[in-house]
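Hi,

Here is the model I said I would pass on. Have a look at it first, and then read on for what turned up.

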Amino acid sequence: EYLNNERVRRLLAVLDTAGRAQRVADATVDAEEDRVKREGLCRSDDEHVIALARVSKVRVLCSHDAALQDDFRNKQLLDAPRGKIYLRSEHRELLRRFCR
């Protein structure tokens with residue numbers, strides 16, 4: 001979804017060049033998405049986002065989708081570490097702490 005946004009594509013290219021982007025095989029995410037769906041715990045229809053967070057160990061979400069935010073904070077879906085939500089520039093400490 002993010003790849004439809006030119007600014008995000010440019011940022012990903014910069015992160016990739018700097019060795020800061022992480023690639024995850026589609027098959028790995030797809031398999032985890034199937035597990036997430038079987039668990040039936042998601043309130044949102046974004047099981048693929050939860051699956052990607054699980055396999056990549058990424059725990060910062062940038063989204064205004066309230067149901068996805070609830071899923072991302074759900075200890076049963078994401079734990080060790082728990083998910084955090086970045087919504088405004090005041091949350092920049094999350095990026096410093098979790099996005100090294």
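Let's start with the core. The largest nonpolar core has twelve residues: Val29, Val36, Cys42, Ile50, Ala51, Ala53, Leu61, Leu68, Phe72, Leu77, Leu78 and Ile85. A nonpolar core here is a set of buried Ala, Val, Leu, Ile, Met, Phe, Trp, Tyr and Cys residues joined through side-chain atoms within 4.5 Å; buried means under 20% relative accessible area, exposed over 50% and partly exposed in between (1.4 Å probe, protein chains only). Two or more residues each come from α2, α3 and α4 (66–73), and α3 gives the largest share, three residues. The helices are DSSP runs (H or I, at least four residues), numbered from the N terminus.

A word on provenance: this is a predicted model, in which local features need pLDDT of at least 70 and side-chain atom pairs count only at pLDDT 80 or more, while totals for chains, interfaces and linings use all residues. Residues are numbered from 1 along each chain as its sequence is written, and side-chain values use heavy atoms, with hydrogens and water left out.

Now the helix pairs. The axes of α2 (residues 26–39) and α3 (residues 47–56) come within 8 Å and cross at roughly 120 degrees, so α2 is oblique to α3. Axes are lines fitted to C-alpha atoms, for helices over the stretch in contact, with angles running from 0 to 180 degrees between N-to-C directions; under 35 degrees counts as roughly parallel, over 145 as roughly antiparallel, 65 to 115 as roughly perpendicular and the rest as oblique. By class, the contact of α2 with α3 has six nonpolar, two polar and six charged residues (Ala, Val, Leu, Ile, Met, Phe, Trp, Tyr, Cys and Pro are nonpolar, Asp, Glu, Lys and Arg charged, and the others, Gly among them, polar).

For α3 and α4, the angle is about 30 degrees and the axes are 10 Å apart, which means α3 is roughly parallel to α4. Val49, Ile50 and Ala53 in α3 meet Leu68, Asp71 and Phe72 in α4. That contact divides into five nonpolar residues, no polar ones and one charged.

- Leucine 77, leaving aside neighbours within four places in sequence, is in contact (heavy atoms within 4.5 Å) with Val36, Glu39, Leu41, Cys42, Ile50, Arg54 and Asp71.
- Aspartate 45 sits in the loop between α2 and α3 and is exposed, with a relative accessible area of 62%. The C-alpha atoms of aspartate 45 and aspartate 71 are separated by 9.8 Å.

Cheers
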